[in-house]
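Subject: Structure handover

Hi,

Here is the structure I promised to pass on. Please open it first, then read my notes below.

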Amino acid sequence: MTLARPAILLVAAIALFAGGCYRLGTSLPPNLKTIYIPVFKNTADYPQLESDVTDAVKDKFQFDNALKPVTSSDKADLILDGEITSMKLNALSYNRNRSASAASYRMTLTARVTVTKRRDGAFILKNAEIKGSTTFTVTGDIALSKRLAIPGAAKDLGQNIVDSVTNVW
């Protein structure tokens, strides 16, 4: 009986501290509940990135549930303005038979993000450079493989933007 009590306390302490690494709810101020995300600007010289990135960022905020995306700036507590500044490919591996031809790549999207409070214009983030990436294997056409990889990089970028906004507090 006397050995059981310390064991129970040890298990309870481990469970308590192990759970301390996870976010339950949000640390955002209670008056910040909504965010407006207009279409990202695209200065990366690759067509349609703005649609993929904007949709991914909205989806990640919706999933995170700390801030609810709204369709009008008038309904928002925060406004997120974003600009996709680059899309870069780095070769990760090369074809065995054609050493000048890459077999797989890492795609990195970079965005500049500013988040402001709608009511007073105070900056939460100002021109923060945030990146998201994915890896992909070239299967036939490089252009098609690159196009198919964009949603993965956009999702990673979206998650990193959500983390940057919600972890400010």
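Start with the surface. The accessible surface of the chain comes to about 10500 Å², with 54% of that area belonging to carbon and sulfur atoms. Such areas come from the Shrake-Rupley method with a 1.4 Å probe; for residues, only the protein chains shown count as cover. Of the 169 residues, 36% count as buried, meaning under 20% relative accessible area (1.4 Å probe, protein chains only).

Some ground rules. This is a predicted model, where local features need pLDDT of at least 70, side-chain atom pairs count only at pLDDT 80 or more, and totals for chains, interfaces and linings use all residues. Residues are numbered from 1 along each chain as its sequence is written, and side-chain values use heavy atoms, without hydrogens and water.

How confident is the predictor? pLDDT gives its confidence in each residue, from 0 to 100. The chain has a mean pLDDT of 89, and 84% of its residues reach 70 or more. Over residues 19-23, pLDDT is below 50. Where pLDDT is low, the predicted coordinates should not be read in detail.

Now the fold. The chain has three helices and six strands. These are DSSP runs, numbered from the N terminus: helices are H or I, at least four residues; strands are E, at least two. Their order is α-β-β-α-β-β-β-β-α.

Finally, look at one hairpin. Strands β5 (residues 102-117) and β6 (residues 123-137) run antiparallel, joined by twelve bridges. Pairing requires at least two bridges found by DSSP. L109 has G132 in β6 as its bridge partner. Five residues lie between the strands, and G121 in the turn has a positive phi of about 75 degrees.

Best wishes

Note on methods
pLDDT = per-residue confidence, 0-100. Contact = heavy atoms within 4.5 Å. Buried < 20%, exposed > 50% of the residue type's maximum accessible area, 1.4 Å probe, protein only.
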